[in-house]
Amino acid sequence: MLECGMLEQDRRALRRRSATLCKELVVDALLIQSLQADDILTESMAESIMAEQTSQKRSWRLLLLLPKRGPRAFSSFLSALRETEQQHLCDLFTQSPEKDGTPVERFSDSPLPLPTQEGIAAKRMRTHESMEYSLDADSPINSPVLPCTPDFYLSHCQQSYRMNSSPRGFALVISNVTFDPCAAPDLDPRKGGEVDDEVLRKVFTELDYLVTVHRDLTAQGMRTCIETFCRRPDHRTVDSCVVCLLSHGVEGAIYGTDGQLLQLDWVFESFDNAHCPLLQNKPKMFFIQACRGEEMDCGVEQIDGPARTCSPGCEQRDAGREGQGDANSRHREDMGRPRIKLPQRSDMICGFASLKGTAAMRNTKRGSWYIQELNTTLRLHARDMHLADIMVQVNGKIKEREGYAPGTAHHRCKEMSEFTSSLCKDLYLFPKYQPQY
């Protein structure tokens, strides 16, 4: 139980800098997690803040809550600013308003902060590291996966893929972090990549998948690993599968530690209805954390007027081998009974960390932007959101992020994730719910 409210002097300090904070404060999962760890924010408060669609609104909601969260809230907030590399905002509170001549900034319960003439300082510095931006901070969010309710399951299970088995399925994570300096001298170590595979292991374990993690495989090693995974006979008894591939990459392929490429089309083919019959009619989820080129997305200025966003298309033409059925398997079928024919590839969804031709971003301590947002969104929304909508929300969160170009502190760059889908139904994971029969 928190003691009354914030100290009056701290409340005044927050109020004095409120408009500046609303503009410049970056309220992300790490900052919220820090305040939760100090028992300043409850889980429901954290959810309500992160549910806001813009950074300014998240800042506004947090600043409304803090003065009501006890005498430790102010010092915890300053500590969270330091942990999230927002020292320049923390420094605002060490300046005397009499010395710097700054007037008190009015703050009210209005939906948006009142305008101010104060200039906007640069947001926290971000540096570049190996074609992926380094946003050094602490560990990623680990709030428990929120459970699906029985009522939600009963109202949605009929129009969605079956997701009753325990485990829900098997998950394969291949994460290449360190590359052979002799065979692949141009491929730098993926610092922070080890964070990604641990984040994925934890979140999919909580979603009731049996997760296997393999690290630092050659291209042939990845092929062998995937072939073995595809042939698992116990795919028959589960309702889905997950494959996560994390490495350096180019469009359509990822690198093994030996500098050789593994073609993604071969990966998808390995799980199609012809090559993996035990997963026919079951959802197959793929998540690819890799660059798809070296181009940096520097963004464009948003024009004034009504917002109109042109998003990249989520549907792509499947370049697989549809129509080239296995003649031998067809010959072995019982020709005397009716058969239901399936497309060569169906029931797949694949999320990519970046658009075609562009680089992906990675944090040396917290892991990649894409895996961070996927982890957070799955934990908060898998209970009541189907996977395609989760991927759309991840895209939106990635779109809001911003980094800096190689070796600079002023050429800002962006990232945009995307996904493709051949799902035929809604895909709900129904976490932590097991129907009773």
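Which residues are buried in helix H4 (residues 43-50)? They are Met 45, Ala 46, Ile 49 and Met 50, where buried means under 20% relative accessible area with a 1.4 Å probe, protein chains only.

## Ground rules

This is a predicted model, so to speak: local features need pLDDT of at least 70, side-chain atom pairs count only at pLDDT 80 or more, and totals for chains, interfaces and linings use all residues. Residues are numbered from 1 along each chain as its sequence is written, and side-chain values use heavy atoms, leaving out hydrogens and water.

## One face of H4

Looking down the axis of H4, the buried residues fall within an arc of 125°, so they line one face of the helix. That arc is taken from the directions from the helix axis to the C-beta atoms. The cover over them includes helix H3 (29-37), helix H5 (55-65) and helix H15 (387-400). Helices here are DSSP runs (H or I) of at least four residues, and strands (E) of at least two, numbered from the N terminus.

## Strand E10

In strand E10 (residues 348-352), 5 of 5 residues are buried. Met 348, Cys 350 and Phe 352 point one way, with Ile 349 and Gly 351 pointing the other.

E10 pairs (at least two DSSP bridges) with strand E9 (residues 284-289) in the parallel sense over 5 bridges. On its antiparallel partner, strand E15 (residues 418-421), there are 4 bridges, and Gly 351 sits opposite Phe 419.

## Around Phe 204

Phe 204 has contacts (heavy atoms within 4.5 Å) with residues including Tyr 209, Val 242, Phe 287 and Leu 378, leaving aside residues up to four places away in sequence.

Definitions and conventions: Buried means under 20% relative accessible area, exposed over 50%, partly exposed in between (1.4 Å probe, protein chains only).
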